[in-house]
Amino acid sequence: MSLTKQISEFAPVATPSLPLHGAHTFAPVTSAFAEENIVPSLRGQLGRGLSVEARLYVLRQLMLRATVPQEMLNSWKVEVNDDATFVSLARDARIRFRHAPATFWRDLVDGRYKVAYAEWPYPPPSPCSDLVPGFVVPFVDQAYAGPLFVMTSGDTWECPIDLLASMLLTLSRFEELQSEQRDLHGRFLAAQSVALEYNFLHRPIVDEYGLALQQVIQSLLPGWQPPERKLRVKLSHDIDEIGFPRSFSNSLGHTLKRRQPFATLRDLVGPAFGIRPTLLEAVFRITELSKIHGMASALYWKNSPKSAWDSGYDLSIKPVPEVVSRLKNEGMELGVHPSYYTFNDPRRLGDEVEHICEVIDECRVGGRQHFLRWHPSTWHDWEKCGLAYDSTVGFSDHIGFRAGTCVPYRPWSLELNREIDLLEIPLLAMDVTLAYYMRLAPEESVALLLQCAERCKIVGGVFTLLWHNRSLLDPAYGDAYKTVLSALKFSPAFDWKQALSNGQC
């Protein structure tokens, strides 16, 4: 659904999105972002500030996070002027969102920015006060210390910083468009991010702004009762390996690395008796665990040749189609896990997606890039393939909120100045991240995952977890996964199909 249709009854006064002049500037901070790293069209566009369409888009994202229903939103009047965006709720009740000055946009594209720390409009109750003691706002034009929203009169509130710009830059992953720093897999890492540098990667900062705005709206509309925020869970499994093609060293690894001698035996004698490989059988085990705990699994399948970074398997080879058919009949969600070399290769991506969709007999699916190889341009590639959603936007080297949110959303393309026809379900945590990159013990991993889930619950977001079928074979991390599932038992799953059909994202 287009942005115009989503807020069809918003009444914006579409004056040019000119920056505010005469505001205070600030001393620049050192940044690794280089001027030549921004594509010329993006540099020119951001040099003029945000478009009216971009501000309307991000305003709607903020209202969704404040749990404002669409019908209420449609009844309000929105005015976008040169210096501010105004939302008129009823009669004289208004909220003013200040726009950043021209100097901010020039400094931004040159890699100079600030992070602000704001307070609540009113003291929040516990546990909000514990998990959200205040607000962190990156990419701002001025040093600020004060409430995120300030009452300027009895029926008017103002946001003193350009919150809408900050949100858009965070959600669209602006810093990743600027930086050329990548690891050997072409990935932008948490270690390079503003969020880790300023210690807010563990918080869904964009969603937390909705909590503050909700206080403001309730003060202006005392009769409005916002809905209760509930946690939803998205359990996902990238099926990197299925035991085909068979490998003696891989089978031996079940004993030497994972202390599973019976798994090795199964793989060695299985072909003679028509027994499925251990890794393929683990797919059934991991989905069964979801059902036992009252939850659902999404399985993302590959179909690619073997490479240095791909195990290489063909979904058409027996007994894989039978396994896929059985899982589908059991109600499991099936999706795509494009291989390592589909990153930045739209043609190869399209071919793999097409073949996987044929085998799983689905035409509208979601999934995740292998190795979490991702760039904001990947959204464009997935949109061209007609995919419904992506769930790659999470860091490989650290768990947390890469896009500042755990609320699924349709991304905004800064390059194209439009909303992308693709849902992003942000990935918050991956088993490999915990065990390999962060080197956490299983009990430490469980504690961190449950803290992350609690932050999702406070804002009414989706806790998206990636656990590989191989990890289930590791006794320690297999038990850790079961502990997490027990703590989240019977949490409702995020229904992306319903969310898209209802226009909730």
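**Labels and their cut-offs**

Leu-184, Trp-309 and Tyr-341 together make up a nonpolar patch on the surface, with about 330 Å² of accessible area. This is a predicted model, in which local features need pLDDT of at least 70 and side-chain atom pairs count only at pLDDT 80 or more, while totals for chains, interfaces and linings use all residues. Residues are numbered from 1 along each chain as its sequence is written, and side-chain values use heavy atoms, with hydrogens and water left out.

Q: What makes Leu-184, Trp-309 and Tyr-341 a nonpolar patch?
A: A patch is made of residues with over 30% relative accessible area and no salt bridge, where nonpolar side chains (Val, Leu, Ile, Met, Phe, Trp, Tyr) are joined within 5 Å and like charges within 9 Å. Leu-184, Trp-309 and Tyr-341 form such a patch, and the relative accessibility of Tyr-341 is 37%. Accessible areas come from the Shrake-Rupley method with a 1.4 Å probe, and for residues only the protein chains shown count as cover.

Q: Why is Tyr-341 called partly exposed?
A: Buried means under 20% relative accessible area and exposed means over 50%, with partly exposed in between (1.4 Å probe, protein chains only). Tyr-341 has 37% relative accessibility and therefore counts as partly exposed. Tyr-341 lies in the loop between strand 11 (333-336) and helix 15 (346-360), where helices (H or I, at least four residues) and strands (E, at least two) are DSSP runs numbered from the N terminus.

Q: How do you know that Lys-302 and Asp-310 form a salt bridge?
A: A salt bridge is a side-chain nitrogen of Lys or Arg within 4 Å of a carboxyl oxygen of Asp or Glu. For Lys-302 and Asp-310 the N to O distance is 2.5 Å, and the pair therefore meets the definition.

Q: Are Lys-302 and Asp-310 buried or exposed?
A: Lys-302 counts as buried at 1% relative accessibility, and Asp-310 is likewise buried at 3%. Elsewhere, salt bridges that share partners join Arg-173, Glu-175, Glu-176 and Arg-402 into one network.

Q: Why are Asp-107 and Arg-112 given two separate accessibility labels?
A: Asp-107 has a relative accessible area of 13% and is therefore buried, whereas Arg-112 has 27% and is partly exposed. Their side chains meet in a salt bridge with an N to O distance of 2.9 Å, and the structure holds 24 salt bridges.

Q: Why are strand 1 and strand 7 called edges of the sheet?
A: Two strands pair if DSSP finds at least two bridges between them, and five strands form an open sheet in the order 1-2-3-8-7 with mixed pairing. Strand 1 (77-80) and strand 7 (150-153) each have a single partner strand, so one side of each is left without a neighbour in the sheet.
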